[in-house]
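Keep the structure open beside you as you read.

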Amino acid sequence: MNKSKYLFGLLVFTMQVTLGQSHKISGRAYHDKNQNGIYDKGDKALKNVLVSNGKDVVVTNSKGIYKIKPLQNNPLFVIKPKGYVSPRTPQNNLKFYYLFQELTNKKSVDFPLYANKEKGKVKIALLGDPQSDVIDDIHHVSKLVTEELVKNKPDIIIPLGDLSFDNLNIFKPLSESLGLVGAPVFYVIGNHDLNFEEQEFSNRDKTFEASFGPSYYAFEYGDNLFLVLNNNFPINNREYIGKFDEDQLTFVSHITKKFGTKYNSIKIFTHIPLEYTRNKEELIELMNPFEKVLVVAGHTHTQYHTFFERNQKLAVHQLVGGAVCGAWWQGAHDINGVPFAMMYDGTPKGYWFLETEDKDYQLSYKVSGAPVEKQMNVWIPESKEWDTEMNILNEPYVYVNVFAGGESTKVEVSFDNKIWQSMEYYQGVAPELKRFYLLQELGRYKGQKLSKMPKPTTKSKHLWRLKMPENFSNGMHLIRVRVKDDLLKLQSEDVRVYDKR
């Protein structure tokens, strides 16, 4: 090739790249009254609706029109405004986006929105790691979550990532099960939901996006602003770190500027907790416009609260919300074929409810298959005559594992209806988890097809204990436990019978 042809080819290529980079897509956000997906007579154009390419955020004008430049491999999406909702798929996922490949050769795409009745206060079901690998796990999720939420329907559902256990084909049956609840589902991506085989960073969430849409986005619902983030940052081969990429932080900065004067608080949902996220300080700094910040994460298969201090503002409250699968569906199975799969801090598997409006929120934990009153495990020594192998677990303490508790929780105990005594906050291995493991090691579950749990070593962050009275007389005694936490709006009581012989 001669020099002139080379230079001409380079010029054409440069012009193509430049034109591609400057290409913008326009469209309209509108109230689709007849829900036919076409802007026609009777439909109303919606102004001041936000549209994003995953980095930039633009606002629709008085005619509902937006213009924005698509970004390579990024979906184009609308930020759901209060009182409206995007069309739903049969699985109750929201179609509020266009994949990058759907934008090819298109100059215009519209965002139809339906009217949606929304109260100021919103009830949200928060689902920590379902971690589904095989169809058996979907059956477990159906029994533990879907069937319960159908009877106690939230306004919206937010699974907190690790929807799969590296089997991305499981997205479809999982969404089919959760979709039966009838509430819109807003998905969070986890590290086990990534496309690790992709070479380009922007394709890390390729399969997730094809199933659920962008892996980070924002939306309004009732009197609330919500932000879903992706801090699963792939490195090397099948490895990852907790980190927010730069495009995402730019997107967040636009959202906080747009909504910082409208809302007092913001609720953020991500997979990896902030303490394991390398640039968490950048995110926290971007939250300055908001007086209250709640972050909800999954990932650890344990439950705890963390508070990140801010200058002259309330600390950021983070809830790490455990896992629907407990500890990776490990351990013996119950009569319904569901593994006991207790979390590594002794929490029974379950999910959370977040009831929130802009200025306030309340969190509560629901143990799957148990009444709502089940908020703790109380452990006391039991001397056995027949099953004597269990006696090795006895300690001269009352232990109380408060599933939703934190360091602000006050736990008290009374013996035989006498004075109430404060229990000691104690970080150690939950005794019920020790029992679970001992039964496995003794071969009590032999013959079951199960995934064995490892020896428990994780120290629970919601465990209390108090030494048993030494002056107990022989016979039966009543032990009462009460729990209160004004910050977490937690109040519960339980009783146990202690037999000294």
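**Charged pairs and their surroundings**

Start at Glu424, which counts as partly exposed at 41% relative accessibility. Here, buried means under 20% relative accessible area, exposed means over 50%, and partly exposed is what falls in between (1.4 Å probe, protein chains only). Before going on, remember that you're looking at a predicted model, where local features need pLDDT of at least 70 and side-chain atom pairs count only at pLDDT 80 or more, while totals for chains, interfaces and linings use all residues. Residues are numbered from 1 along each chain as its sequence is written, and side-chain values use heavy atoms, with hydrogens and water left out.

What does Glu424 form with Arg465? The two make a salt bridge, with their closest N and O atoms 3.6 Å apart. A salt bridge is a side-chain nitrogen of Lys or Arg within 4 Å of a carboxyl oxygen of Asp or Glu. Glu424 sits in strand E26 (residues 424-425) and Arg465 in strand E27 (residues 463-467), so the pair ties together parts that are 41 residues apart in sequence. Helices (H or I, at least four residues) and strands (E, at least two) are DSSP runs, numbered from the N terminus. Arg465 itself counts as buried, at 14% relative accessibility.

Side chains of opposite charge can pair when their charged atoms come close. Lys434 and Glu395 do this too, in a salt bridge of 3.6 Å, N to O. That pair links distant parts of the chain, 39 residues apart: Lys434 is in helix H7 (residues 431-441), and Glu395 is in the loop between strand E22 (376-379) and strand E23 (397-402). Lys434 is partly exposed at 32%, and Glu395 is partly exposed at 25%. Elsewhere, Asp387, Glu389 and Arg444 are linked in a network of salt bridges. The structure holds 21 salt bridges.

Asp205 lies in the loop between helix H3 (171-179) and helix H4 (206-212). Asp205 is buried yet has no salt bridge, and the nearest side chain of opposite charge, Arg204, is 4.1 Å away. (Lys and Arg count as positive and Asp and Glu as negative; His and the chain ends are not counted.) What Asp205 does have is a polar contact of 2.6 Å between its side chain and that of Ser215. A polar contact is a pair of N or O atoms within 3.5 Å; within protein, one must be able to donate a hydrogen and the other to accept it, and residues adjacent in sequence count only if both atoms are side-chain atoms.

Next, hop over to Lys489, in the loop between strand E28 (475-485) and strand E29 (490-500). Which residues is Lys489 in contact with, leaving aside its neighbours within four places in sequence? They are Asp360, Tyr361 and Gln362, where contact means heavy atoms within 4.5 Å. The side chains of Lys489 and Asp360 are joined by a polar contact of 3.5 Å. Lys489 and Gln362 are 127 residues apart along the chain, but their C-alpha atoms are separated by 6.6 Å.

Finally, zoom out. The protein's secondary structure comes to 7 helices and 29 strands. Among contacts between residues at least 6 apart in sequence, 70% join residues at least 24 apart. Of the 501 residues, 56% count as buried.
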